[in-house]
Amino acid sequence: MNILPKYGLLQFRNAARIYSKSITESLQLFKEETKFLKTSLFFSYKHDELEELDSAINFLKGFGVLIYADYLLLDQSTPEKPSKITDKQIQERTEEKIKDNRKFIFLATENAIISKRCKWELRYANTQKTKDHIAIFPIREDYTDYGGSEYLQKFHYIQKSETNPEGYDVKSPNGDVIELSAWLAS
């Protein structure tokens, strides 16, 4: 599996902006985007990895997609006003959004692949979508492979293009490769 380095992902964090924004401000902007003529996708990630989430969203925005990440739509409560949303409501909303969105991408960081919640989202997506609409976005601190995570090899994954130094592809488990933009549009 061709794993992208974390530093390569983080370069997208403020790449599309004239000035730097905080992670919270940046993620808030994504909530306000239009759905017009965009492929929708559910984005699964480890909830305490907001910098990686923001960077990955900025990366994917270059492909004209509408991204649903639960961070963007859950009630962002304050200590003075705690959220009243229950775990059951979160699970129901997650199931609904996985079904509603055309594509599913799992941001497979080292911590996300051991997260029970991320594994559950990936398994649930696998029951709701064909494998052609699910992709792993593997990110690591270094270029080594994920040991003990063979289940990830059952899915398509996003990789740096082997033929276009500026491009990205989606590679299937059988070795077929398609440009990321074409996969997102399919």
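What percentage of the 186 residues in the protein do buried residues make up? In this predicted model, buried residues (under 20% relative accessible area with a 1.4 Å probe, protein chains only) come to 46% of the 186. Numbering runs from 1 along each chain as its sequence is written, and side-chain values rest on heavy atoms, with hydrogens and water left out. Local features need pLDDT of at least 70 and side-chain atom pairs count only at pLDDT 80 or more, whereas totals for chains, interfaces and linings use all residues.

The fold comprises 7 helices and 8 strands, taken as DSSP runs (H or I, at least four residues; E, at least two) numbered from the N terminus. Of the contacts (heavy atoms within 4.5 Å) with a separation of 6 or more, 68% join residues 24 or more positions apart. The protein exposes about 10100 Å², of which carbon and sulfur atoms supply 51%; this area comes from the Shrake-Rupley method with a 1.4 Å probe.

Because 10 of its 12 residues are buried, α3 is largely enclosed by the rest of the structure. Among these buried residues are L53, I57, F59 and L60, along with E52, D54 and K61.

Helix α6 (residues 116–128) has 13 residues and reaches 18 Å between its first and last C-alpha, close to the 18 Å expected. Its buried residues are C118, W120, E121, L122, Y124 and A125.

Methods: Expected span 1.5 Å × (residues − 1). Buried < 20%, exposed > 50% of the residue type's maximum accessible area, 1.4 Å probe, protein only.
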